[in-house]
Amino acid sequence: MNAVSSTILAVHDHESEAAVPQLSVENLTLRYQTHAALVTATENVSFQVARGERFVLLGPSGCGKSSLLKSVGGFITPSAGRILVKGREVKGPGPDRVMVFQEFDQLMPWKTVLGNVAFPLLTTGKFKSRKQAEEHALATIAKVGLEKFAQSYPHTLSGGMKQRVAIARALAMEPEVLLMDEPFAALDALTRRSMQQELLKLWEELNFTLMFVTHSIEEAVRLGQRIILLSPHPGRIRDEFRTDAAEEAKHLEQRIESLLFTDGAGI
Ligand code: ADP
Ligand code: MG
């Protein structure tokens with residue numbers, strides 16, 4: 001190989017590295033073997049998420065959203081297809097993918113807010129010293145507006161505050177992808193609305209890569225830059241939308257609704 005062609009190759013290598021998606025789901029099929037049957041949760045699902053993107057999976061209950069998220073988390077092994085994070089195949093759970101759930105009881109009740117946020121920073125070895133871990137945890141707790149509650153225990157907090165702690169705990173880990181499974185679904189409408197705003201504000205500040213699951217069209221349009229709509233039994237990609245296009249939010253909501261409810265095929 002002469003010097004010119006090797007230089008070109010080097011440039012291409014560099015470019016392809018930059019083009020590696022943060023998350024790549026390729027022809028993913030997920031199945032559950034139960035006593036009665038083999039349940040196909042999702043079938044042949046493929047998508048990519050770019051670094052710093054707010055990506056939403058939208059679909060009705062039972063379409064396999066949680067299964068998909070859990071497989072990205074490394075908790076479910078694909079029946080077919082594969083999942084890559086920054087080009088590396090997912091083989092199990094890891095600190096590069098952190099999950100926030102819907103439930104309010106995802107915190108350890110015997111640890112304070114600070115203890116909960118600092119815990120994975122220490123156990124994963126992200127920080128070697130407790131002092132450093134706690135400093136980083138406190139800074140993240142302040143970002144979600146809970147600095148006054150750092151020494152409080154989870155049972156003294158409201159549902160919204162507990163979810164904020166769960167978000168702080170996840171963000172403190174600085175994951176490659178933040179995975180959220182209907183994290184605001186159990187909150188009252190007003191708290192839910194303010195949590196959505198807060199999540200967007202945090203994203204503006206920290207620019208993390210987000211994979212968010214919801215069955216609410218409104219929430220999907222509000223939070224996502226890109227939305228994938230899944231059909232149920234088994235979950236397949238039905239359509240894809242971009243919310244940063246000229247289309248207004250209300251218009252997009254109506255379009256998704258009409259796809260779901262007025263189209264004879266249903267979903
Ligand atoms: P969603 O989060 O969209 O409501 P899920 O991923 O929870 O959907 O479920 C998708 C399908 O897989 C459903 O039919 C559900 O009953 C089935 N399923 C989910 N988890 C299990 C499991 N552990 N064992 C057997 N079937 C399951
Ligand atoms: Mg679910």
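Against which helices do the buried residues of H4 pack? The buried residues of H4 pack against helix H3 (113-123) and H5, where a residue is called buried if 20 or more other C-beta atoms lie within 10 Å of its own, exposed if 12 or fewer, and partly exposed in between, with C-beta atoms placed from the backbone. Helices (H or I, at least four residues) and strands (E, at least two) are DSSP runs, numbered from the N terminus. This is a predicted model, in which local features need pLDDT of at least 70 and side-chain atom pairs count only at pLDDT 80 or more, while totals for chains, interfaces and linings use all residues. Residues are numbered from 1 along each chain as its sequence is written, and chains are lettered from A and ligands numbered from 1 in the order in which they are written.

The buried residues of H4 are Ala 133, Ala 137, Thr 140 and Ile 141. Seen down the axis, they fall within an arc of 105° (the arc of the directions from the helix axis to the C-beta atoms), so they line one face of H4. The 14 residues of H4 should span 20 Å at 1.5 Å a residue, and its end C-alpha atoms are 20 Å apart, which agrees; the expected span is 1.5 Å times one less than the number of residues. Just after H4, Gly 145 takes a positive phi of about 75°.

Within helix H5 lies Ala 170, which counts as buried because it has 23 C-beta neighbours inside 10 Å. Leaving aside residues up to four places away in sequence, Ala 170 touches Val 98, Val 100, Pro 175 and Leu 178, contact being defined by C-beta atoms, placed from the backbone, that lie within 7 Å. The C-alpha atoms of Ala 170 and Arg 97 are separated by 8.8 Å, although these residues are 73 residues apart along the chain.

On the scale of the whole chain, the protein is divided into domain 1 (23-96 + 175-267) and domain 2 (108-172), with bounds that come from an automatic or database domain assignment. The contact between them takes 12 residues from domain 1 and 8 residues from domain 2, and the largest share of the domain 1 side, 4 residues, comes from helix H6 (residues 189-206). By class, that side of domain 1 has 11 nonpolar, 1 polar and no charged residues; here Ala, Val, Leu, Ile, Met, Phe, Trp, Tyr, Cys and Pro count as nonpolar, Asp, Glu, Lys and Arg as charged, and the others, Gly among them, as polar.

The buried residues of H6 are Arg 192, Leu 199 and Leu 202, and they cover an arc of only 80° around the axis, which puts them on the same side of H6. On the other side of H6, Leu 190, Ser 194, Gln 197, Glu 204 and Glu 205 are exposed. The cover over the buried residues of H6 includes helix H4 (130-143), helix H5 (159-172) and helix H7 (217-223).

Turning to the ligand, the residues that surround ligand 1 include Tyr 32, Val 39, Gly 64 and Lys 65, a residue being near a molecule if its C-beta atom, placed from the backbone, lies within 6 Å of it. Strand S2 (38-49) and helix H2 (65-73) are the elements that give two or more residues to this shell, and H2 gives the most, with 3 residues. By class, the shell around ligand 1 has 4 nonpolar, 7 polar and 1 charged residues.

Key
Contact = placed C-beta atoms within 7 Å.
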